[in-house]
Amino acid sequence: MTATLTFYTHPFSRGRVARWMLEETGLPYEEVILDYGTTMKAPEYLAINPMGKVPALRHGDGVVTENAAICLHLADLVPEKGLLPPPGSPERGACYRWMLFAAGPLESFITARRHGALAPSVEAGYGNEADLMRTLENAVTGRKHLVGERFTVADLYMAALLGYYMRVGELAPTPAFEAYAATHLQRPAAQRANARDDALVAERAESA
């Protein structure tokens, strides 16, 4: 790969997930740290992501936004690492399933519940809480990997979300959730990514 990767993020954002994925790829990248309400909404950045949100990834002349899309795109850049199963395989479909389950129904439900604005289950993409949590529990109980017998981008995304939501009290730390998330959050790439974002947080605290 020759095109430059530029990563737009903030250490208190979902960009932590994308950074972990960048570290898993081993690809070199440049980072641009933006601030809420100021540089994220500046014309220069709105030209990259009109939503004025992070993360975003510039790959050469192209731009990818949305955390799950960034992670999937990065997985495609390093096929030798097997972060996505082979194209067209049933395992690839399963990987897409769990990535988009986490990025869609799971994240949407937790946000809605936090703010007390759940939609009727027949209309909401997340359905109802009982079905959602049963699906989530069944997906990870007794398993190290969501798909097959090796780590994939779906494991990265799911473990990152479960770890975060348990830490902030939005998900009960069940034995199944804790065991599954802990397995992957100990990966060297996850540790490197967290160390970088934690350092950025510390730098900002010192300069405040």
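**Figure 1. Glycine 62 in strand β4.** Glycine 62 is part of strand β4, where helices (H or I, at least four residues) and strands (E, at least two) are DSSP runs numbered from the N terminus. The model is predicted, so local features need pLDDT of at least 70 and side-chain atom pairs count only at pLDDT 80 or more, while totals for chains, interfaces and linings use all residues. Residues are numbered from 1 along each chain as its sequence is written, and side-chain values use heavy atoms, with hydrogens and water left out. With a relative accessible area of 31%, glycine 62 is partly exposed; buried means under 20%, exposed over 50%, and partly exposed in between (1.4 Å probe, protein chains only). Glycine 93 lies 31 residues from glycine 62 along the chain, and their C-alpha atoms are separated by 25 Å.

Figure 2. Strand β3 (residues 56-59) pairs with strand β4 (residues 62-65) in the antiparallel sense, over four bridges; two strands pair if DSSP finds at least two bridges between them. Leucine 57 has valine 64 in β4 as its bridge partner. Two residues separate the strands of this hairpin, and glycine 60 in the turn has a positive phi of about 65°.

**Figure 3. Helix α1 against helix α3.** The axes of α1 (residues 15-25) and α3 (residues 67-77) come within 9 Å and cross at roughly 0°. This crossing makes α1 roughly parallel to α3. Axes are lines fitted to C-alpha atoms, for helices over the stretch in contact, and angles run from 0 to 180 degrees between N-to-C directions. Angles under 35 degrees count as roughly parallel, over 145 as roughly antiparallel, 65 to 115 as roughly perpendicular and the rest as oblique. From α1, Val17, Ala18, Met21, Leu22 and Thr25 meet Asn67, Ile70, Cys71, Leu74 and Ala75 of α3, contact meaning heavy atoms within 4.5 Å. By class, this contact has eight nonpolar, two polar and no charged residues (Ala, Val, Leu, Ile, Met, Phe, Trp, Tyr, Cys and Pro count as nonpolar, Asp, Glu, Lys and Arg as charged, and the others, Gly among them, as polar).

**Figure 4. Salt bridge between aspartate 198 and arginine 16**. The closest N and O atoms of aspartate 198 and arginine 16 are 2.8 Å apart; a salt bridge is a side-chain nitrogen of Lys or Arg within 4 Å of a carboxyl oxygen of Asp or Glu. Aspartate 198 lies in helix α8 (residues 188-207) and arginine 16 in helix α1, so the pair ties together parts 182 residues apart in sequence. Aspartate 198 is partly exposed at 44% relative accessible area, and arginine 16 is partly exposed at 22%. The structure holds 13 salt bridges.

**Figure 5. Glutamate 31 and arginine 196 in a salt-bridge network**. Glutamate 31 forms a salt bridge with arginine 196, with the closest N and O atoms 2.4 Å apart. This pair links distant parts of the chain, glutamate 31 in strand β2 (residues 30-33) and arginine 196 in helix α8, 165 residues apart. Relative accessibility is 27% for glutamate 31, which counts as partly exposed, and 30% for arginine 196, also partly exposed. The network of salt bridges links Arg19, Glu31, Arg196, Asp197 and Glu203.

**Figure 6. Salt bridge between arginine 113 and glutamate 129**. The closest N and O atoms of arginine 113 and glutamate 129 are 2.9 Å apart. Arginine 113 in helix α4 (residues 90-114) and glutamate 129 in helix α5 (residues 129-140) are 16 residues apart. Arginine 113 is partly exposed at 26% relative accessibility, and glutamate 129 is partly exposed with a relative accessible area of 37%.
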